[in-house]
Amino acid sequence: MFERFTKDARAVVEGAVGHAEREGATRVEETHVLLSLLDREGSRGSFALASLGLPPGGRAGLVRDLDETRRRGGLSRADADALSGLGIDLSEIVSRVEETHGEGALAAVGRGSLFGGRSGRRMFSRGAKDLLTGTLRAAVARGERHIGDEHLLLALTTRRGVPSEILADHGVTHASLTRVLYGDSRRDEPGAATEAKAG
């Protein structure tokens, strides 16, 4: 599959590994792929993000939201809202943990520094591997022979989890990306083929 990756897509994967290394993470996660996508300039993926209001250098809000999620130990805003519905104040829990163990204590869970992680090559988490497989599906669905960084972005928006939730919070959804990249969103919507035949 990797032989089908364009130069931009390969750069995103390499950048994700770099983000994981700088963070001290034992594995490359989907959030590292998103951070690497946000670093890109001059590619189809970066064009799509800019068209949706996230120009290079202007993506601080999205990165801030990722950092806040990391600070909560990986729990998304939806997780925090669900806990709040049960009467659990996640912000209070994070504050108490940080009072005792230092700022960012929950963000460090899973990092090599706490668990004696090895230096060297970073493995991809199951979610990151599934994301890479999803890029192939995104390209094949469009009849495209190569996998670009735009396919990584499309695949991220179709997966459940923190990256897609944060992207959606900033107006980057599968439908909006499809519209920007291909000029239509109906082709990927459920039921679109049925409606087209009826029309």
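How many aromatic pairs does the rule give? The count comes to zero, where rings of Phe, Tyr and Trp (its six-membered ring) pair if their centres lie within 6.5 Å.

## Basis of the model

This is a predicted model, in which local features need pLDDT of at least 70 and side-chain atom pairs count only at pLDDT 80 or more, while totals for chains, interfaces and linings use all residues. Residues are numbered from 1 along each chain as its sequence is written, and side-chain values use heavy atoms, with hydrogens and water left out.

## Overall fold

The protein chain has 12 helices and two strands, taken as DSSP runs (helices H or I, at least four residues; strands E, at least two) that are numbered from the N terminus. Of the 199 residues in the protein chain, 40% are buried, meaning under 20% relative accessible area with a 1.4 Å probe and protein chains only, whereas exposed means over 50% and partly exposed lies in between.

Leu-154 is found in helix H9 (residues 149–158) and counts as buried because its relative accessibility is 5%. Leaving aside neighbours within four places in sequence, Leu-154 is in contact (heavy atoms within 4.5 Å) with Ala-138, His-174, Leu-177, Thr-178, Leu-181 and Tyr-182.

Tyr-182 has Arg-142 over its face, at 4.1 Å from the ring centre; a charge sits over a ring if NZ of Lys or CZ of Arg is within 6 Å of the ring centre and within 35 degrees of the ring normal.

## Leu-86

Leu-86 lies in the loop between helix H5 (77–85) and helix H6 (90–101), and it counts as exposed because its relative accessibility is 67%.

Terms used. Rings of Phe, Tyr and Trp (its six-membered ring) pair if their centres lie within 6.5 Å; planes under 30 degrees apart count as stacked, over 60 as edge-to-face and the rest as tilted.
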